[in-house]
Amino acid sequence: MGAHHDHNHSPHRETAAPGGPGDRPLRIGIGGPVGSGKTSMVAALCRALGNDLSLAVVTNDIFTSEDAEALRRLDVLPADRIVAVETGCCPHTAIRDDISANLDAVEALEHRLGDVEVTLIESGGDNLTAIFSRALVDRQIFVIDTAGGDDIPRKGGPGIATADLLVINKVDLAPHVGADVARMVSDANERRPGQPTIATAVTSAAGIDAVAEWVRLSLEDWQADGPTETNSSSASVAPNALVGE
Ligand SMILES: Nc1nc2c(ncn2[C@@H]2O[C@H](COP(=O)(O)OP(=O)(O)O)[C@@H](O)[C@H]2O)c(=O)[nH]1
Ligand SMILES: [Mg+2]
């Protein structure tokens, strides 16, 4: 089984997950460093899309099910639509190399619920190199933290280079940490030719509509054409338009 990664190649050349469009839900991985806002993004997407789409969520924690419990407490989805995988190992291993626990959890959840259209899979998160196996997810969103340093998009790495959508979150903190969000977006665009980047502040809902729209378009694309193309209609959104009041 190929855990091999050539970081420069197209993200779509890896083997697609078994089952195709129409056979099963679209599976979207949400990765990125610890604390960048992945669980907050999952919650926001459930709020934005949960009335229109049938959603399911799988979270990955190393030893606990804290993220799943946090999402249940927030009441963003019925509790039986959220399950936790306790990886017991490095988070990147469980989403990239030994994906069986995740794949089992995803398939069991989708089978039990029966009507799922989109399954969101949150990575336990560790660093900038943690990406999902294309055998586990059909699309992936990589979430980085503005306060982590505005040179992160320029430094690149597989998460930034190969994610189908890059989210630069916590732009509300930019003034406090001296980060230049416009530069982060332009560096990201340079690293990710033709692939979208969206600036968000999840806690004030800024940019969430654009991310939710990307999910809707990805689902349409998945149902219409299969997993081989990413929609190219999601634009990079000017960060100034997204920073809340
Ligand atoms: N200021 C600010 N804080 C945020 C934002 N998004 C998430 N947070 C906070 O960052 C912390 C980590 O978020 P969480 O979603 O748990 O990150 P995860 O580890 O990637 O799942 C929490 O205290 C969130 O409330 C944001 O856009 N702006
Ligand atoms: Mg989390």
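Trainee: Is A205 buried, exposed or partly exposed?
Mentor: A205 is partly exposed, because 14 other C-beta atoms lie within 10 Å. To count as buried, a residue needs 20 or more such atoms, and to count as exposed, 12 or fewer. Bear in mind as we go that this is a predicted model.

Trainee: Where is A205 found?
Mentor: A205 is in the loop between strand 7 and helix 9 (208-225).

Trainee: What should I look for in the backbone there?
Mentor: Start with the general idea: most residues other than glycine have a negative phi. Now look at the case here: A205 is not a glycine, yet its phi is positive, at about 70°. D75 is another residue other than glycine with a positive phi, near 60°.

Trainee: Which elements flank D75, and is D75 buried or exposed?
Mentor: D75 lies in the loop between helix 2 (66-74) and strand 3. D75 counts as exposed, because it has 11 C-beta neighbours inside 10 Å.

Trainee: Now the whole chain, please. How many helices and strands are there?
Mentor: The chain has 9 helices and 7 strands. Of its 245 residues, 49% are buried. Among contacts with a separation of 6 or more, 77% are between residues 24 or more positions apart.

Trainee: How do I read the sheet?
Mentor: The general idea is that strands of a sheet pair through backbone hydrogen bonds, either parallel or antiparallel. In this model, 7 strands form an open sheet with parallel pairing, in the order 3-2-4-1-5-6-7. Strand 3 (82-86) and strand 7 (197-199) are the edge strands, each pairing on one side only. From one strand to the next, the twist averages 20°.

Trainee: Which strands does strand 5 pair with, and over how many bridges?
Mentor: Strand 5 pairs with strand 1 in the parallel sense over 4 bridges, and with strand 6, also parallel, over 5 bridges. For landmarks, G31 stands opposite F142 in strand 5, while the bridge partner of D145 in strand 6 is N169. Elsewhere in the sheet, 5 bridges join strand 2 (residues 55-61) to strand 4 (residues 118-122) in parallel. There, A56 has T119 in strand 4 as its bridge partner.

Trainee: Which strands does helix 1 lie across?
Mentor: Helix 1 lies across strand 1 (26-31), strand 2, strand 4, strand 5 (139-145) and strand 6 (165-169). Helix 1 runs at about 165° to strand 4.

Trainee: And the ligand: how many residues surround ligand 1?
Mentor: The shell around ligand 1 has 15 residues, and the closest are G37, K38, T39, S40 and K170. Helix 1 (residues 38-49) gives the most to this shell, with 3 residues. Sorted by class, the shell has 8 polar, 4 nonpolar and 3 charged residues.

Trainee: Can we compare with some buried alanines?
Mentor: Take A199, which is found in strand 7. A199 is buried because 28 other C-beta atoms lie within 10 Å. A199 and A210 are 11 residues apart in sequence, and their C-alpha atoms are 9.2 Å apart in space.
Mentor: Next comes A174, in helix 7 (residues 174-177). A174 is buried because it has 21 other C-beta atoms within 10 Å. Setting aside neighbours within four places in sequence, A174 is in contact with T146, A179 and V181. A174 and A147 are 27 residues apart in sequence but 6.5 Å apart in space, C-alpha to C-alpha.

Trainee: Where does pLDDT stay under 50?
Mentor: It stays under 50 over residues 1-14, where the model has 10 contacts beyond four places in sequence. It also stays under 50 over residues 227-245, where the model has 47 such contacts. For the chain, the mean pLDDT is 85, and 83% of residues reach 70 or more.

Notes: Residues numbered from 1 in each chain as written. Chains lettered and ligands numbered in written order. Predicted model: local features only at pLDDT ≥ 70, side-chain atom pairs only at ≥ 80, totals over all residues. Near = placed C-beta within 6 Å. Helix = DSSP H or I, 4+ residues; strand = E, 2+ residues; numbered from the N terminus. Nonpolar A, V, L, I, M, F, W, Y, C, P; charged D, E, K, R; others polar. Pairing = 2+ DSSP bridges. Axes fitted to C-alpha atoms, helices over the stretch in contact; angles between N-to-C directions. Contact = placed C-beta atoms within 7 Å. pLDDT = per-residue confidence, 0-100.
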